[in-house]
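Please keep the sequence and the structure in view while reading the points below.

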Amino acid sequence: MNELTLELTEISPREFFGHQNEHIDLLKKYFPKLKIVARGSKIKVYGDDQMLDEFDKRFKMLTAHFSKYNKLDENVIERVLTSNDKDELSSPADSNDILVHGVSGRYIKAQTVNQRRLVDAMSKNDMVFAIGPAGTGKTYTGVALAVRALKNKEVKRIILTRPAVEAGENLGFLPGDLKEKLDPYMQPLYDALRDMIPSEKLAHYIENGTIQIAPMAFMRGRTLDHAFVILDEAQNTTHAQMKMFLTRMGKNAKFLLTGDPGQIDLPRRVISGLKEALLILKNVEGIQMIYLDDKDVIRHKLVKKVIDAYKNIEHQN
């Protein structure tokens, strides 16, 4: 009897094997002549060579499906194990509107007209400015585009940065190591990534540098090539920071700059690098500027009622 050992990398064994190994039980049902043992992140399979080759092929199809859609269920497993054609395995929900298949099979889409304009702009330009108030989805959509580019091997890495203005780029007074000091300022970027990439794979990407999350100061002196780079909260950059960032662009790079010129946290009399860039770069070919507004804010239905209630009080005062 021959042995085949397969290991899951960047995939959660718990999610892939299913609750109480129910997905492994399905594999055993479809391969009754094989002995299948799952332990940790490894599967050991015993049987004759021909059956092991078939199992290996189907198992790789399952892991490819999970890597793309972050989801596996009984119907998918059945389709993979009985299909004769890889094309039959495409998700029925496949659509050009879907940017990323997020965690647990969640569909990440551009949901408004301006978000779709942002997606279109990034496909046609190497540098895009996405301007709009908080909650308009500019950063979230941008992170989804970056994750899609990484999955499609259009770029080799994702670099996410924002100016740590609240700490004046001087983080020495905060407790903890550098990562702990920076995390509060980078949290919105982590939150978006966690929606789109399973935790184990995300941790692996961050550990090996495929995804880098760093403050503006860490961009100095670097050439960012083969990368999807997002500068978030760009309104809080100075003239010098913005010029430094824009000149980091290397070969095969995509740059997305997001910001809200109405929410500048810089000291008084310091000119926003974003406001300046919007003026001097507006006619440069290859750079596009997309403006989002209140209509792009996706909120819980109660938020509108809360806003209306506060407006009533404010009007009375």
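**Charged and aromatic side chains**

Arg 58 counts as buried, because its relative accessibility is 7% and buried means under 20%. The model discussed here is predicted. It holds 10 salt bridges and six aromatic pairs.

**Salt bridges within helices**

- Arg 58 forms a salt bridge with Glu 54, and the closest N and O atoms of the two are 2.8 Å apart.
- Glu 54 and Arg 58 lie four residues apart in helix 3, so about one helical turn separates them.
- Another salt bridge joins the side chains of Lys 124 and Asp 120, at 3.1 Å from N to O.
- Lys 124 and Asp 120 are both in helix 5, which covers residues 113-124; they are four residues apart and are therefore separated by about one helical turn.
- Lys 124 counts as exposed because its relative accessibility is 61%, whereas Asp 120, at 37%, counts as partly exposed.

- The side chains of Lys 44 and Glu 3 meet in a salt bridge with an N to O distance of 3.9 Å.
- This pair links distant parts of the chain, since Lys 44 belongs to strand 3 (residues 42-47) and Glu 3 to strand 1 (residues 2-7), 41 residues apart.
- Lys 44 is partly exposed, with a relative accessible area of 34%, and Glu 3 is also partly exposed, at 46% relative accessibility.

**Aromatic rings**

- Among the six aromatic pairs is that of Phe 16 and Phe 17, which is edge-to-face because the ring centres are 6.0 Å apart and the planes stand at 65°.
- Phe 16 and Phe 17 are both buried.
- Phe 55 and Phe 59 form a stacked aromatic pair, with 6.0 Å from centre to centre and 20° between the planes.
- Phe 55 and Phe 59 are four residues apart in helix 3 (residues 49-69), so they are separated by about one helical turn.
- Phe 55 is buried, with a relative accessible area of 1%, and Phe 59 counts as buried at 4% relative accessibility.
- One aromatic cluster is formed by Phe 16, Phe 17, Phe 31, Phe 55, Phe 59 and Phe 66.

**The negative surface patch**

- Glu 22, Asp 25, Glu 74 and Glu 78 form a negative surface patch.
- At least two residues of the negative patch come from each of helix 2 (22-30) and helix 4 (74-82).
- Asp 25 is located in helix 2 and counts as partly exposed, at 44% relative accessibility.

**Asp 191**

- Asp 191 is found in helix 7, which spans residues 178-196.
- Asp 191 counts as partly exposed, at 39% relative accessibility.
- Asp 191 and Tyr 140 are 51 residues apart in sequence, and their C-alpha atoms are 9.1 Å apart in space.

Note on methods
Residues are numbered from 1 along each chain as its sequence is written. This is a predicted model: local features need pLDDT of at least 70, side-chain atom pairs count only at pLDDT 80 or more; totals for chains, interfaces and linings use all residues. Side-chain values use heavy atoms; hydrogens and water are left out. Patches are made of residues with over 30% relative accessible area and no salt bridge: like charges are joined within 9 Å, nonpolar side chains (Val, Leu, Ile, Met, Phe, Trp, Tyr) within 5 Å. Accessible areas come from the Shrake-Rupley method with a 1.4 Å probe; for residues, only the protein chains shown count as cover. A salt bridge is a side-chain nitrogen of Lys or Arg within 4 Å of a carboxyl oxygen of Asp or Glu. Lys and Arg count as positive and Asp and Glu as negative; His and the chain ends are not counted. The place of a charge is taken as NZ of Lys, CZ of Arg, CG of Asp or CD of Glu. Buried means under 20% relative accessible area, exposed over 50%, partly exposed in between (1.4 Å probe, protein chains only). Rings of Phe, Tyr and Trp (its six-membered ring) pair if their centres lie within 6.5 Å; planes under 30 degrees apart count as stacked, over 60 as edge-to-face and the rest as tilted.
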